[in-house]
Amino acid sequence: MGWEIHNAKTAFGKFADEWDRLNARLYDSHPFADSRFVGALLEHFGDGSELLCVHRTGDGLSGGLILCASGLWRYSSFRPAQRQATVVLLEDARLLATLLTALPKLAWTIELYAVDPRYAPDLSSVTLPLIVEAQARTIGIDLANGFPAYWEKRPKKLAANIARYFRRTEAEFGTDRVTRLTDAAEMDAGVDRFGAMESAGWKGQAGTAVSRDNEQGAFYLDVLRRFALTNQAAVYELHIGDRLASSRLVIANDHMLIFLKTTYDESLARFAPGRLLLYRVIEEQYALSTRNAIEFYTNATSDQREWATFACTVQNIQIFRGARNAAVFSLLRAWRRNLRSIRNRVPESDAPSSNVSQCKSIEGLQAYDLGEFAAKDNFQASTGWFELLEKNVYPADAGVRYYFTAEKKTPRVILPVRLTTRGAVKSIESLSNYYTALYAPLLSHEGDPLDLQDLLAVATHDHGGAHVMRFSPMDPDSATYKGLLSGLRANDWIPFQFFCFGNWFLRVEGSWEDYLRKRSANLRSALKRRCKQFAAAGGTLEIVTAVGESEQGIAAFQEVYSASWKKPEPYPDFVPSLIRQLAAMGMLRLGIARLNGRTIAAQLWIVDQQKASIYKVAYHGDFASYSPGTILTAHLLQHVIDDDCVREVDFLIGDDKYKRMWMSDRRERWGIVAYNPGTIIGFALLTREVVGRACKSVVTRIKGAVSPTGAIGRTLAASKRALARITGQSRAG
């Protein structure tokens, strides 16, 4: 059991049936992972050095990859240009880690090219360092709700252009005609006509056209023949008058149709025959109602995206054997880039090519549609939060930046940061401070964390080749956290992760009474006793939620906060502004405890859609005997569980012991610090980080060894016991 390594070209046929069963089980028999397609690739483009890697368990095949040696102990997926996307046949992404140890010699990295993430295992379970980069933005069409509904939602300009092309065609040639070749015996003629048309155009001049006489043409003919035997291939041809105007080669399964190749007669370009054939094929697929989607598998242009109902980023994925391998890779690549720049005399001011925009204030984003970035599940992951932070904490900070990618007028990913300079060190830091319980770049529904690579590159350039980046506190399981790690490595920065704090939270199941039944008997009796005592002494509890009550609530909060043990707020306008904003959005839950009219405790809670966050708490020390904080916490907790019906209560920052009494679970918040090894200062800071971590690791091991349970500690204890026995025996003698 485990990994088996074979010569792919000679052994693939023996595993074809098992390979197809695995493809059927994981991805409903995706055509690009079909043994007929993969086998044809090996036959026509393999050189005999490819490795077939199959993983076997007691239940059969659980993984299959074809790899090529691509350098010194470096492996990459077998991916000729004719394989538009890679389907990763692995039940579990963690198998990649075991594959690294199973490959010949000392394999230190595996690169998987053009991976469709919808047809690959979830990489979140992989603990090894990764670099994930965008390779292309492909598109597709969801074949649901009928063709009229689909076409009605297309851009008006597209619909008008297609109608005009049809009218022009009919006026000059009459009605267009589409034929569909599906029989295996028809594939030869279909591919011949396709190749002749493509060879007559610019691809023929460039030498890249399909032809029966070249390997590319032989491959497509082979694939179409194999798939046509099960009615899963077709050659679509559009005729204008008596002329063949456009052709498309396709393969399919029960769920999807894939466009392999398309061409058109360039002398008929004024009729846009390729677009007219696309329209007819889409119309036909809707009418057939036998498939769920059409996949283009292309790096879509803006014109092509007008036809799509969905998009997907095809990825290049590189996995390293360990953190040291990833760091050395980034270090060497950064130095090589610097040497190339010096040799070619490329000026450092050349900006990276990307589709990144930026603004220096949240107001600069107002020209865009920010609806997706409004406060929903997490207020701190919204433009409203960053506006609050910017205006009350960083109003005069010239380093505030919002880097973003956008699709037309809708941002996809927004990275809020600060560019700072301390002495000679230039830093890029998350737009956060001690008011921030959780930082994250803002991601739209259509946004892709892979965009962070470009955002980081532009930020580095803007800050004159920054030396260090720091982002915290973050959720280490979030897509943006992993996207930042990957994006930093892709830009040849070397990142390190560090612990920020523990975060206690409650998974709400049922009512307040259900919650109480799960608490300890001591807590239940203490709450009952203290609430009774507090009420008898003239205590009252209030929860401020409305805008009209917010100013009175702010005064009460500031009164008790100033009388508490806590330090004065360095930014006195922040909390009042936060309370006003929360009240305006209906998210304010400001609890106030009074004793005979005097405020003795206050707690600021934030309620999002299904989550309550305990943001700030304070009580008057002179009234600690009444436990006003405990009483107020219970009152607010009952309110958010029974009235707001939240699914989670979050105590935000810290591992304070009292939080365990109320909450049910703990998670951690982590940060990322990264260094630019391509700069002298960045390399010096990197060296200091590595030495510091190494020293800390040594000290930790020494402490562990000399502790009572460590090796040295156990030896000393045993020696003491032996000495005691010897001494005791001597005295007895």
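1. Which helices and strands each supply at least two residues of the lining of the largest pocket? In this predicted model, the helices are H11 (323-344), H14 (479-490) and H21 (680-706). The strands are S7 (130-142), S13 (310-320) and S20 (494-507).

2. The largest pocket holds about 1500 Å³ of space. It is lined by 50 residues, and the closest to its centre are Leu128, Pro129, Leu130, Leu485 and Arg489. By class, the lining has 30 nonpolar, 11 polar and nine charged residues.

3. Now the aromatic rings. The whole structure contains 36 aromatic pairs. One of them joins Tyr368 and Phe404: the ring centres are 5.0 Å apart and the planes stand at 75°, so the pair is edge-to-face. This pair links distant parts of the chain, 36 residues apart. Tyr368 sits in the loop between strand S14 (356-359) and helix H12 (383-392), while Phe404 belongs to strand S15 (residues 400-407). Both Tyr368 and Phe404 are buried.

4. The charged end of Lys409 sits over the Tyr368 ring, 4.7 Å from its centre. Elsewhere, Arg270 lies over the face of Phe271, at 4.8 Å from the ring centre.

5. Phe557 and Tyr561 make a stacked pair, with 5.6 Å from centre to centre and 20° between the planes. Both residues lie in helix H17 (residues 547-563), four residues apart, or about one turn of the helix. Phe557 counts as buried because its relative accessibility is 3%, under the 20% cut-off. Tyr561 is buried as well, at 10%.

6. One aromatic cluster is formed by Phe147, Tyr150, Trp151, Phe166, Tyr279, Tyr286 and Trp307.

Key. Residues are numbered from 1 along each chain as its sequence is written. This is a predicted model: local features need pLDDT of at least 70, side-chain atom pairs count only at pLDDT 80 or more; totals for chains, interfaces and linings use all residues. Side-chain values use heavy atoms; hydrogens and water are left out. On a 1 Å grid over the protein atoms alone, a cavity is a set of points where a 1.4 Å probe fits but cannot get out, and a pocket is an open set with protein on both sides within 12 Å along at least five of seven lines; lining residues have an atom within 4 Å of a point. Grid points are joined across faces, edges and corners, and a volume is the space filled by probe spheres set on the points. Ala, Val, Leu, Ile, Met, Phe, Trp, Tyr, Cys and Pro count as nonpolar, Asp, Glu, Lys and Arg as charged, and the others, Gly among them, as polar. Rings of Phe, Tyr and Trp (its six-membered ring) pair if their centres lie within 6.5 Å; planes under 30 degrees apart count as stacked, over 60 as edge-to-face and the rest as tilted. Buried means under 20% relative accessible area, exposed over 50%, partly exposed in between (1.4 Å probe, protein chains only). A charge sits over a ring if NZ of Lys or CZ of Arg is within 6 Å of the ring centre and within 35 degrees of the ring normal.
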